[in-house]
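Let's walk through this model together, starting at the ligand and then moving on to a pair of helices.

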Amino acid sequence: MRKMIIAGNWKMNKDIKETFEFLLPLKNNLIGQNLSVEVVVCPPFTSLFVAFEILKETGIKLGAQNMFYEVEGAFTGEISPKMLKSVKCEYVILGHSERRRYFGETDEFVNRKVKRAIEFDLKPIVCVGETLEERERGDTFKVLEKQVRGVLDGLTYDEMSKVVIAYEPVWAIGTGRNATPEQAQEAQKFIRELVAGLFNRDVALNLTIQYGGSVTPENAYSLLSQPDVDGALVGGASLKVDSFLKIIKAGETALIEKRN
Ligand code: PGA
């Protein structure tokens with residue numbers, strides 16, 4: 001059975017003090033709850049060590065928002081998979097549309113990072129998604145296929161079993177305009193079928209595909225109860241403990257219903 005993963009992508013938010021102010025109540029609320037969903041927080045690099053100290057032994061997992069594919073060396077400003085492992089990250093978001101748009105990341109570049117992350121036992125959350133223009137042109141599936149093929153190129157079945165995909169339509173990110181549950185389901189089913197063709201059925205059935213883009217406590221349940229929506233990558237609504245907890249609860253309810 002594939003995992004349901006609710007991950008908070010803090011983006012460029014929260015300094016050390018704010019990290020404490022968020023994670024302490026989150027931890028206190030979730031402790032002893034025995035959740036079936038996997039909860040992941042992805043703070044900025046500067047907060048990872050503090051987050052690791054607060055979250056150890058809680059079951060709440062730590063993720064980074066990016067990394068470079070080299071292990072060490074003269075790459076000013078970059079962070080390596082080895083460094084992320086040293087602060088006990090288990091996940092790393094790769095190929096987020098903001099990285100593609102503002103920092104010129106390509107599918108090929110993301111693919112190199114995906115391979116290196118897996119080599120270092122980090123689970124990549126690989127983001128794909130079409131722009132509004134591409135959707136309106138009727139190119140959604142074409143764009144998704146190109147991105148999925150590109151970012152997963154050359155992975156073995158075993159490597160692929162470590163990957164999480166996040167379907168994040170660019171037009172839904174930070175806009176308050178989420179994809180409808182039907183739109184998310186349609187795209188995510190397409191991605192799963194594509195992965196079944198590129199790898200095999202088992203790999204595809206075990207693959208966690210998250211939805212991301214304006215997920216809120218109000219829309220989370222209807223999105224997460226779709227058969228091919230196995231979690232959420234949450235930006236804005238992951239910055240407040242209360243709303244992040246509500247989304248986690250919605251995921252837990254949806255998961256229990258799917259399992260029954
Ligand atoms: P949002 O961001 O929830 O603020 O739309 C999602 C994301 O970019 O991962």
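A polar contact here is a pair of N or O atoms within 3.5 Å. With that in hand, look at H96: an N or O atom in its side chain sits 2.6 Å from an oxygen atom of the ligand. The side chain of N9 has an N or O atom 3.5 Å from an oxygen of the ligand. Overall, the protein covers 95% of the 280 Å² of accessible area that the ligand has on its own (Shrake-Rupley method, 1.4 Å probe).

Keep in mind that this is a predicted model, with local features needing pLDDT of at least 70, side-chain atom pairs counting only at pLDDT 80 or more, and totals for chains, interfaces and linings using all residues. Numbering runs from 1 along each chain as its sequence is written, and side-chain values use heavy atoms, without hydrogens or water.

Now for the helices (DSSP runs of H or I, at least four residues, numbered from the N terminus). Helix α5, residues 107-119, packs against helix α7, residues 140-151, at about 40°, with axes 7 Å apart. Axes are lines fitted to C-alpha atoms over the stretch in contact, and angles run from 0 to 180 degrees between N-to-C directions.

Methods: A polar contact is a pair of N or O atoms within 3.5 Å; within protein, one must be able to donate a hydrogen and the other to accept it, and residues adjacent in sequence count only if both atoms are side-chain atoms. Helices (H or I, at least four residues) and strands (E, at least two) are DSSP runs, numbered from the N terminus.
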